[in-house]
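Dear colleague,

Please find below the structure that I am handing over to you. My notes on what was found in it follow directly after.

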Amino acid sequence: MSEIGNELIQSLKEALAHAKGEGSAIVHEFPTPREVRERIRLSQSEMAPLMGMSVSGYRKWEQGERKISGPAANLLQVIAEEPEAVMRALRMQRA
């Protein structure tokens, strides 16, 4: 079997063990949307476009009414680390 095939089988075994409550899981801690927004000193209406969403949708994240998906959590992490780079990439300027 190929190396990729072996890695896939191993990954599936680990996932099954985790589902059964066996073994350890890798937990990634991400900052909350509010923590990131406050750290980079933006309002909710300035932060929402960086995340590619409406202000009302963004507010739901901050209030815990909506869960953050994997890709959005990754974007949030990038904004936390390099907000100016994201703004440049999206051609936005701080007000």
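Which residues of helix 4 are buried? In this predicted model, they are Gly57, Tyr58, Trp61 and Glu62. Viewed down the axis of helix 4, these buried residues fall within an arc of 145°, so they line one face of the helix. Their cover includes helix 2, helix 3 and helix 5. Just after helix 4 comes Gly64, with a positive phi of about 80°.

Gly52 follows helix 3, and its phi is positive, near 75°.

As to the protein as a whole, its secondary structure consists of six helices and zero strands, which gives the pattern α-α-α-α-α-α along the sequence. The chain has 95 residues, of which 26% count as buried. Of the contacts between residues at least 6 apart in sequence, 53% join residues at least 24 apart. The accessible surface is about 7100 Å², and carbon and sulfur atoms account for 52% of it.

With kind regards

Terms used: Residues numbered from 1 in each chain as written. Predicted model: local features only at pLDDT ≥ 70, side-chain atom pairs only at ≥ 80, totals over all residues. Heavy atoms only, no water. Helix = DSSP H or I, 4+ residues; strand = E, 2+ residues; numbered from the N terminus. Buried < 20%, exposed > 50% of the residue type's maximum accessible area, 1.4 Å probe, protein only. Contact = heavy atoms within 4.5 Å. Areas by Shrake-Rupley, 256 points an atom, 1.4 Å probe, with all protein chains shown as cover. Arc of directions from axis to C-beta.
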